[in-house]
Amino acid sequence: MVKMIRKEDIQFNPKLKLDELITVTEFSRVHSGVLGGMKVVVKLPNYTFYPDIIDFTFHKENETASLVSNHTNIFEYLGAYTNGDFPYALVSKHIEGKSLLNAVFDNELDWKQIPMNSIFSYIRDIADALEHIASRGVVYRDLHMNNVMIDSRGDNARLIDFGLARKLDETGTYLENDRIEGSFDYLAPEVFDTGRCSETTDAHSLLVVFYEALFGKRPFEINTKIWGVENYSEIKEIALDSLSRVPIIYRRDDFGSSEFYNKCSDFFESGFFEGFENLQDFIGKFDVLERCYYDNLPATMPASLEKIA
């Protein structure tokens, strides 16, 4: 039997008002709104494409968001509500600001340099959020630039949208069922290979976000290669082949900070971020790179950095 949000968990509030439609996806219609004088985001189910699984998906999002949203780097989830005009909607507090995608790219999707200390701060915020999520037995599964909001002051990053988040099983993983979900360019090889997601696969996605914020490009191109491919075996083969290659390396010689950009390129090219086993491992290596930036250290290879660490 398909699980649904229990009726007793849906709060009735006639003061919940829907305003502007923000976006429409395969699973939802998202509006701005007001709840008791508070600006909110209202996520309504969209039954157009996958009517058989929408209630289950929203049930899972309500479940995981309720478990983890009490964190400064995660959106403030208020719960499932209705005003009587619709069965239910997932409501969260509005965040004044913009997505990390809009912070890093302009309206024409051209990369724009943002301060390096801001990039480090945002990645650390997201890492803290993912650690909190993992400590609650949840895997996020959908980390990409549009699911990170930067507040209006520009000093805090928050994760939003727990539509693909799931509770981990007794092995510390979550097994995908009949299809791989998420943004393919950000997914770890093991997601395509075994279908299993974990804290480590979230760390891989964080690495891709970090890389994209630094260089304005993603290290692996998968989405463009599988466009129009419907056979899962073929998608898996293309994805694993792409992920087995050396990441696309970029250098920013036209900026004043090009020396550090090139240092980052050296780190990626030498495999510095390969082989981490969990978020703590990723954070430890990230700490070393951050110290190189702030202390203006000349090290460019992992062997040198191990001495520093």
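Helices here are DSSP runs of H or I with at least four residues, strands are E runs with at least two, and both are numbered from the N terminus. With that in hand, here's a quick look at the spaces inside this predicted model. There's a largest pocket holding about 1,300 Å³ of space, plus a largest cavity holding about 40 Å³.

**The largest pocket: who lines it**
- A set of 40 residues lines this pocket.
- Sitting nearest its centre are Thr-23, Thr-25, Asn-147, Ile-160 and Asp-161.
- β6 gives the largest share of the pocket's lining, with 4 residues.

- Sorted by class, the pocket's lining has 16 nonpolar residues, 15 polar ones and 9 charged ones.

**The cavity**
- How many cavities of 30 Å³ or more turn up? The count comes to 1.
- Around the largest cavity you'll find Arg-141, Leu-187, Ala-188, Val-191, Cys-197, Thr-201, Asp-202 and Ser-205.
- Helix α5, which covers residues 199-215, supplies the largest share of that lining, namely 3 residues.

Note on methods. Residues numbered from 1 in each chain as written. Predicted model: local features only at pLDDT ≥ 70, side-chain atom pairs only at ≥ 80, totals over all residues. Heavy atoms only, no water. 1 Å grid on protein atoms, 1.4 Å probe; cavity = no way out; pocket = protein on both sides within 12 Å on 5 of 7 lines; lining within 4 Å. Points joined across faces, edges and corners; volume = space filled by probe spheres on them. Nonpolar A, V, L, I, M, F, W, Y, C, P; charged D, E, K, R; others polar.
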